[in-house]
Amino acid sequence: MIFKLIIVLAHLQAILIPIFIGIKSINKFNHIKNSKLISWGFVSLGLASMFEMIDHTQTEWIYIDHSSLFNWLFYSLLSIGLTFLSISIIKNKYLILTNLLTCILAIASYWIFGKSLTLVFQVLISIFLIINWQRKFKDWIFIAYPIFGIFLTTFLGIKLSLSANQIWHIFIGPSGTISVLAFYLVLNRSRKRFQEI
């Protein structure tokens, strides 16, 4: 009972914090080219976690590697959120189109080719995001995204899948939230630098 409550809370914070940050970001980062996409990116990440949570209610909160409508919505909104954050800061139309096309392929490939190919496209989305943000902000804090949002969540997911020990499940959501907070912190720091100029 306590363990299930902890898992629920770990998932709830992964919904509420990105959505709260998304709302807080509205009209805040006007120094960014497509600043309206920033808040939508954060909200999409929160909604992705919501659909993952709904999917877990179908499996009694036990992580099961499967395909379902809610699992697809999780991956789709995760792709959309990361893509919005990525293209919010770029001006090159070709790069924007490449990012959007990769996002569409990530969403469509889930049902056509399976989750494995979706994950490949999500890796590409993350690579684009890292390149775009590092090029734009050059902020050392951004290293938290690949560490917590990619490597640690992947490591914890693999441990969970291989061991079936649900303890690993508790740490995945908070790890992702740390990367969301890193995005917000980088944006805030860039805003302060812009105001100082």
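A: A crossing is called left-handed if the near helix is turned anticlockwise from the far one by less than a right angle, and right-handed if clockwise. The crossing of H3 and H5 is left-handed; helices (H or I, at least four residues) are DSSP runs, numbered from the N terminus. The model is predicted, so local features need pLDDT of at least 70, side-chain atom pairs count only at pLDDT 80 or more, and totals for chains, interfaces and linings use all residues. Residues are numbered from 1 along each chain as its sequence is written, and side-chain values use heavy atoms, without hydrogens and water.

The chain has a mean pLDDT (the predictor's confidence in each residue, from 0 to 100) of 91, and 98% of its residues reach 70 or more.

H3 packs against H5 with the axes (lines fitted to C-alpha atoms over the stretch in contact, with angles from 0 to 180 degrees between N-to-C directions) 9 Å apart and at an angle of about 20°. That makes H3 roughly parallel to H5, a term for angles under 35 degrees, with those over 145 counted as roughly antiparallel. In the contact (heavy atoms within 4.5 Å), residues of H3 including Tyr-75, Leu-78 and Leu-82 meet residues of H5, among them Leu-119, Ile-125 and Trp-133. This contact of H3 with H5 has 9 nonpolar, 8 polar and 1 charged residues; Ala, Val, Leu, Ile, Met, Phe, Trp, Tyr, Cys and Pro count as nonpolar, Asp, Glu, Lys and Arg as charged, and the others, Gly among them, as polar.

Helix H5 (residues 115-137) also packs with H6: their axes come within 11 Å and cross at roughly 170°. H5 and H6 are therefore roughly antiparallel to each other, and H5 passes H6 in a right-handed crossing. Ser-126, Leu-129 and Ile-130 of H5 make this contact with Tyr-145, Pro-146 and Ile-150 of H6. By class, the residues of the contact of H5 with H6 are 5 nonpolar, 1 polar and no charged.

H1 passes H2 in a left-handed crossing. Val-8, Leu-12 and Ile-15 are among the H1 residues in the contact, and Phe-42, Leu-45 and Met-53 among those of H2. The contact of H1 with H2 has 13 nonpolar, 6 polar and 1 charged residues.

How values were computed: Helices (H or I, at least four residues) and strands (E, at least two) are DSSP runs, numbered from the N terminus. Angles under 35 degrees count as roughly parallel, over 145 as roughly antiparallel, 65 to 115 as roughly perpendicular and the rest as oblique.
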